[in-house]
Amino acid sequence: MRIFLLIATNMAILLVASIVMSLLGVNTSTMGGLLVFAAIFGFGGAFLSLAISKWMAKKTMGCEVITTPRDNTERWLVETVARQAEQAGIKMPEVAIYQSEELNAFATGPSKDKALVAVSSGLLYGMSQDEIEGVLAHEVSHVANGDMVTLTLIQGVVNTFVIFAARVVAGIINNFVASNDEEGEGLGMFAYMGVVFVLDMLFGILASMIVAYFSRIREFKADEGAAKLAGKDKMIAALERLRQGPATGAMPAQMSALGINGKKSMSELMMSHPPLEKRIAALRAS
């Protein structure tokens with residue numbers, strides 16, 4: 001189901017972007033047209049993903065939105081989010097639970113006033129109320145800071161760069177090959193598309209590092225916001241508990257950047273979240 005939804009979303013993005021290009025009469029053979037093409041696909045894909053982010057999160061994670069609390073724990077969860085949302089000056093987000101043993105939570109949504117805050121069952125029933133309060137404050141801070149929109153804009157910019165730069169460089173290579181070819185035919189369509197594909201991947205790695213860098217900054221800011229909403233000690237306690245596990249892994253790759261506890265990586269440059277040790281140290285020093 002997760003793979004099907006991801007493929008369907010990407011197909012929808014391609015379809016919408018193609019229709020827009022057709023309506024605008026974009027000519028990709030010119031530099032201006034290529035830039036418009038890159039921006040339509042780059043920003044269009046990012047903002048379409050943002051628009052359906054809450055729906056996608058519910059479907060991919062199996063989130064069960066709490067409309068009527070079934071027990072005191074769920075009632076406390078909803079009341080805590082409501083109180084923190086009021087403190088942060090945002091509308092009450094939807095509150096949900098998803099089934100997973102991992103200790104994690106995330107916030108998503110197209111805007112501050114149309115957000116979703118979800119916690120794993122492992123976190124809800126495996127952490128103390130003080131620790132959970134710190135986690136919830138972190139997610140509410142993400143919403144209040146407008147991080148979903150901010151990262152979408154950043155993603156749109158880097159997407160545009162990747163699409164534009166890959167095709168410009170591929171065009172230069174094609175022209176170079178053509179100038180050294182007696183028939184002047186260049187790479188040919190399939191070879192050209194192969195070069196574009198490779199360059200998309202290479203530039204995409206660089207773009208991922210840029211997005212991850214800004215994501216790490218937003219995590220530090222959300223920790224600071226959580227310390228103001230719930231208290232520094234509760235936020236530090238929450239991060240300390242997250243260090244103990246169990247390790248993350250239930251979230252699919254496209255959702256992991258939204259969680260309070262991000263996935264590990266061989267290089268910090270590719271991590272969407274700073275190491276928990278650095279986050280704890282930053283809070284203690286603040």
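Guide: Start with the helix term: helices (H or I, at least four residues) and strands (E, at least two) are DSSP runs, numbered from the N terminus. By that rule Phe37 and Phe41 both lie in helix H2 (residues 31–51). They sit 4 residues apart, about one turn of the helix. This is a predicted model, where local features need pLDDT of at least 70, side-chain atom pairs count only at pLDDT 80 or more, and totals for chains, interfaces and linings use all residues. Residues are numbered from 1 along each chain as its sequence is written, and side-chain values use heavy atoms, leaving out hydrogens and water.

Visitor: Why does about one turn matter for where side chains point?

Guide: An α-helix has 3.6 residues a turn, so residues three or four places apart point the same way.

Visitor: How many aromatic pairs does a search of the whole structure find?

Guide: The search gives 5 aromatic pairs. In one of them, the rings of Phe37 and Phe41 have centres 4.8 Å apart and planes at 50°.

Visitor: What makes the pair of Phe37 and Phe41 tilted?

Guide: Rings of Phe, Tyr and Trp (its six-membered ring) pair if their centres lie within 6.5 Å; planes under 30 degrees apart count as stacked, over 60 as edge-to-face and the rest as tilted. The planes of Phe37 and Phe41 are at 50°, so the pair is tilted. Phe43 and Phe47 form a stacked pair, with 20° between the planes and 6.5 Å centre to centre. Phe43 and Phe47 also both lie in helix H2, 4 residues apart.

Visitor: Are Phe37 and Phe41 buried or exposed? And why is Phe43 called partly exposed?

Guide: Buried means under 20% relative accessible area, exposed over 50%, partly exposed in between (1.4 Å probe, protein chains only). Phe37 and Phe41 are both buried. Phe43 has 26% relative accessibility, so it counts as partly exposed. Phe47, at 34%, therefore counts as partly exposed too.

Visitor: What share of the residues of the protein count as buried?

Guide: Of 286 residues, 44% count as buried. The protein has 11 helices and 4 strands.

Visitor: Why is Ala96 called buried?

Guide: Its relative accessible area is 0%, so Ala96 is buried. Ala96 is in strand S2 (residues 94–98). Contact means heavy atoms within 4.5 Å. Leaving aside neighbours within four places in sequence, Ala96 is in contact with residues including Cys63, Ile66, Leu116 and Val119. Val117 is another of these contacts. Ala96 and Val117 are 21 residues apart in sequence but 6.3 Å apart in space, C-alpha to C-alpha.

Visitor: What makes the link between Ser53 and Thr108 a polar contact?

Guide: A polar contact is a pair of N or O atoms within 3.5 Å; within protein, one must be able to donate a hydrogen and the other to accept it, and residues adjacent in sequence count only if both atoms are side-chain atoms. The side chains of Ser53 and Thr108 are joined at 3.3 Å. Ser53 lies in helix H3 (residues 53–61). Its relative accessible area is 13%, so Ser53 is buried. Not counting residues up to four places away in sequence, Ser53 touches Thr108, Gly109 and Pro110.

Visitor: Which residue does the side chain of Ser272 make a polar contact with?

Guide: The partner is the side chain of His273, at 2.8 Å. Ser272 lies in the loop between helix H10 (253–256) and helix H11 (276–285). At 15% relative accessible area, Ser272 is therefore buried. Ser215, in helix H8, is in contact with Leu151 and Ser272, its neighbours within four places in sequence set aside. Ser215 has a relative accessible area of 5%, so it is buried.

Visitor: How do you know that the span of helix H8 is close to the expected one?

Guide: The expected span of a helix is 1.5 Å times one less than its number of residues. Helix H8 (residues 189–230) has 42 residues and reaches 58 Å from its first C-alpha to its last, close to the 62 Å expected. H8 is followed by Gly231, whose phi is positive, near 110°.
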